[in-house]
Amino acid sequence: MTMAIGIYENQAAAIEAVQQLEGEGFRAENLKVMAKNHESSGRIESETDVHVDELNDLTETRADRNGGDILPDSPAAAGWAAGYPLAAGIGFGTYNGTGYPAGILALTALRGGDEMKGALEALGLGDKAAEVCRDAISEGSIVVVAEAEGDAGDDSARKAGAEEVFRRTGAAQII
């Protein structure tokens, strides 16, 4: 599969990239947007017709599929616990009746890169691209992927067109 990847520092730029890619003929099913969590993705889904894959949810799904129980210090637990805010910037969650501060679990998730990298690879990213995107998403960036495969015309020309859109819309990094 031929793809171009743009990494963005904010939702507004990622939205602009998605809109311009669609203007260039990319369909929603040829676009993937990935962010760390719902706070990083909510506006994108509401302003475009492209679904955003939230990395915390993806790692949770993979953990469920690959072994059943979610350990309290696993990346999957972080995405789950982060959804229970307690007070200004502090979250709290429970697992099997035991309480855990979500901030600690979220930090564990960011350090538990193997699950996140695996989730990105499952979405079709190669090994090196998955590492770069994992690190960027962990730092709060948003990843936009344009797949050239399946569209009419030359895949390399479509990839070059997507990369040009990424340059015009201010991608912090293009892969």
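Student: Leaving aside its neighbours within four places in sequence, which residues is glutamine 20 in contact with?

Tutor: Val165, Arg168 and Thr169, where contact means heavy atoms within 4.5 Å. Bear in mind that this is a predicted model: local features need pLDDT of at least 70, side-chain atom pairs count only at pLDDT 80 or more, and totals for chains, interfaces and linings use all residues. Numbering starts from 1 along each chain as its sequence is written, and side-chain values use heavy atoms, with hydrogens and water left out.

Student: What makes H1 and H8 a crossing pair?

Tutor: The axes of H1 (residues 11–23) and H8 (residues 155–168) come within 9 Å and cross at roughly 145°. Those axes are lines fitted to C-alpha atoms over the stretch in contact, with angles from 0 to 180 degrees between N-to-C directions. H1 passes H8 in a right-handed crossing; that means the near helix is turned clockwise from the far one by less than a right angle.

Student: Which residues of H1 and H8 meet?

Tutor: Ala17, Gln20 and Leu21 from H1 meet Ala162, Val165, Phe166 and Arg168 from H8. That contact divides into five nonpolar residues, one polar and one charged. In this scheme Ala, Val, Leu, Ile, Met, Phe, Trp, Tyr, Cys and Pro are nonpolar, Asp, Glu, Lys and Arg are charged, and the others, Gly among them, are polar.

Student: Why is the pair of glutamate 147 and lysine 32 called a salt bridge?

Tutor: The rule asks for a side-chain nitrogen of Lys or Arg within 4 Å of a carboxyl oxygen of Asp or Glu. Here N to O is 3.0 Å, and the pair qualifies. Glutamate 147 is in strand S7 (residues 142–147) and lysine 32 in strand S2 (residues 31–35), 115 residues apart. By this rule the count comes to ten salt bridges.

Student: Why does lysine 117 count as buried?

Tutor: Buried means under 20% relative accessible area, exposed over 50%, and partly exposed in between, using a 1.4 Å probe and protein chains only. Lysine 117 has 15%, so buried it is. Aspartate 127, at 43%, is therefore partly exposed, and glutamate 131, at 26%, is partly exposed too.

Student: What links Lys117, Glu121, Asp127 and Glu131?

Tutor: A network of salt bridges. Lysine 117 meets aspartate 127 at 2.3 Å, N to O. Because lysine 117 lies in helix H6 (residues 113–122) and aspartate 127 in helix H7 (residues 127–138), this pair ties together parts ten residues apart in sequence. Lysine 117 also meets glutamate 131, at 3.3 Å, N to O.

Student: Which residues touch the most other members of the largest nonpolar core?

Tutor: Tyr8, Leu21, Val33, Val144 and Phe166, out of 22 residues. A nonpolar core is a set of buried Ala, Val, Leu, Ile, Met, Phe, Trp, Tyr and Cys residues joined through side-chain atoms within 4.5 Å. Strand S1 (3–8), H1, S2, S7 and H8 each supply at least two residues, and H1 gives the largest share, six.

How values were computed
Helices (H or I, at least four residues) and strands (E, at least two) are DSSP runs, numbered from the N terminus.
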